[in-house]
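Please look over the sequence and the model below before reading on. The paragraphs that follow lead through some of its features in turn.

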Amino acid sequence: MDGARMWHVSEPLGVIHSDLCPFSADIISTVEFNYSGELLATGDKGGRVVIFQHEQESKNRPHLRGEYNVYSTFQSHEPEFDYLKSLEIEEKINKIRWLPQQNAAHFLLSTNDKTIKLWKISERDKRAEGYNLKDEDGRLRDPFRITSLRVPVLMPMDLMVEASPRRIFANAHTYHINSISVNSDHETYLSADDLRINLWHLEITDRSFNIVDIKPANMEELTEVITAAECHPHQCNVFVYSSSKGTIRLCDMRAAALCDRHSKFFEEPEDPSSRSFFSEIISSISDVKFSHSGRYMMTRDYLSVKVWDLNMENRPVETYQVHEYLRSKLCSLYENDCIFDKFECCWNGSDSAIMTGSYNNFFRMFDRNTRRDITLEASRESSKPRATLKPRKVSTGGKRKKDEISVDSLDFNKKILHTAWHPKDNVIAVAATNNLYIFQDKIN
């Protein structure tokens, strides 16, 4: 991506998440491409997972490169009740993570606040017919009336996509799960809540290893919580976790079984002149992502995205302001609780560009090579299929230009928290409350 690249709407997929009120179960809570980009999964507040499949490009319709159609829909989690603590456990899907494909079936992990599930998504286009002991409608035949033996045959049938739960990983988290991350060994994964990180084996559901525990003996001494965690893309012994204090710790599981002592500690010194009542809240990291190369990691706090070199702990190598114009509005954002919104961020396939969301259904893209940036909008009005997205600008004071939008007229109920970038192509998925939009760069 560069600043001049044109993005256009591949398709707005709002039809599968109907336009109900913004408090409905249809609000999308996570978006994730699989390793090939062939499938795209979304989870919502109603506990559903919807999987989209990429349409094959044809010579007659070359513009189909970014077309995705519904492939499978299933209910991943149901609401539960913890009778010991008298707490309702909501069904909202917090995270989805795909496993690398090993055979014809696809596998993904989905989690709500307490329970992680491993799902198998497989296709069936044949069925067996001609059983000896059953009729065609499935009823058992009288054995004494069977006079000859038949060999069952496989007959073609309409394609069926089945989702079945293969493993359920439960009862390991006292607090709400905020992250899951599949390890590069493809055998283990980690799950993180506010105070602990657990390491699981994909084949073992009844136990996990606690690898980080920051819970103090006296909870009144609690000063920070874990906000996100991720495994390194190539080194299966390395992982990072971020905190509400704006720090990131990199841990090496070879050093000790319990990784309470970090190997590296990433923190940017605070400028005393800019300190305010809101400093600690806006410095809390809402997302951390390793680059595909494993050399860098990216963190998102309330106002900015930072790129860190794993070899340099004292400051980020790049800082991108997402919506600096909101700094003067922090008081009202605190009053309406928007200051606690958790925005995610993502890399493009070559690590040359990054994307993250903002308010008013705006999302921001930054080119790391040219240092150009662009603001685009995901909305029904501007998202007719094949329409080119126009860059948006926010007026920060003084005289407002014709195409600019004033800070005071931004809609803070319309927010883009979840985005995903195709691992190989310039195709992006953007979740705007209960609508999913897919955009691709313009093909001449």
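**Charged pairs, a sheet, a patch and cysteines**

Arg327 is partly exposed, its relative accessible area being 39%. This value, like every other one here, belongs to a predicted model. The side chain of Arg327 meets that of Glu324 in a salt bridge, with 2.5 Å from N to O. Glu324 is likewise described as partly exposed, at 33% relative accessibility.

Side chains of opposite charge can pair when their charged atoms come close. The structure holds 21 salt bridges. In one of them, Arg295 and Asp309 meet through their side chains at 2.7 Å, N to O. Arg295 belongs to the loop between strand 20 (287–290) and strand 21 (296–300), while Asp309 belongs to strand 22 (residues 304–309), so this pair ties together parts that are 14 residues apart in sequence. Arg295 is partly exposed, at 41% relative accessibility, whereas Asp309 is buried, at 9%.

A further salt bridge joins the side chains of Asp341 and Lys415, at 3.0 Å from N to O. Here distant parts of the chain are linked: Asp341 is in the loop between helix 2 and strand 24, and Lys415 is in the loop between strand 29 (404–406) and strand 30 (418–421), 74 residues apart. Asp341 is buried, with a relative accessible area of 16%, and Lys415 is buried, with 18%.

Together with Phe277 and Tyr334, Phe340 makes a nonpolar surface patch of about 340 Å². Phe340 counts as partly exposed, at 43% relative accessibility.

Attention now turns to a sheet. Strands of a sheet pair through backbone hydrogen bonds, either parallel or antiparallel. In this case, 4 strands form an open sheet in the order 12-13-14-15, and the pairing is antiparallel. Strand 12 (179–182) and strand 15 (209–213) are at the edges; each has a single partner strand, so one side of each lacks a neighbour in the sheet. From one strand to the next, the twist averages 20 degrees. Strand 13 (residues 188–192) and strand 14 (residues 196–201) are joined by 5 bridges, and Ala192 has Ile197 in strand 14 as its bridge partner.

How many disulfides does the structure hold? There are 0. The sulfur of Cys236 has its closest cysteine sulfur in Cys231, 9.1 Å away, which is too far for a bond. Cys251 is in no disulfide either, the nearest cysteine sulfur being that of Cys259, 5.2 Å away. Cys236 is partly exposed, at 36% relative accessible area, whereas Cys251 is buried, at 0%.

Technical notes: Residues are numbered from 1 along each chain as its sequence is written. This is a predicted model: local features need pLDDT of at least 70, side-chain atom pairs count only at pLDDT 80 or more; totals for chains, interfaces and linings use all residues. Side-chain values use heavy atoms; hydrogens and water are left out. A disulfide is a pair of cysteine sulfur atoms within 2.5 Å. Buried means under 20% relative accessible area, exposed over 50%, partly exposed in between (1.4 Å probe, protein chains only). Two strands pair if DSSP finds at least two bridges between them. Helices (H or I, at least four residues) and strands (E, at least two) are DSSP runs, numbered from the N terminus. Axes are lines fitted to C-alpha atoms, for helices over the stretch in contact, and angles run from 0 to 180 degrees between N-to-C directions. Patches are made of residues with over 30% relative accessible area and no salt bridge: like charges are joined within 9 Å, nonpolar side chains (Val, Leu, Ile, Met, Phe, Trp, Tyr) within 5 Å. Accessible areas come from the Shrake-Rupley method with a 1.4 Å probe; for residues, only the protein chains shown count as cover. A salt bridge is a side-chain nitrogen of Lys or Arg within 4 Å of a carboxyl oxygen of Asp or Glu.
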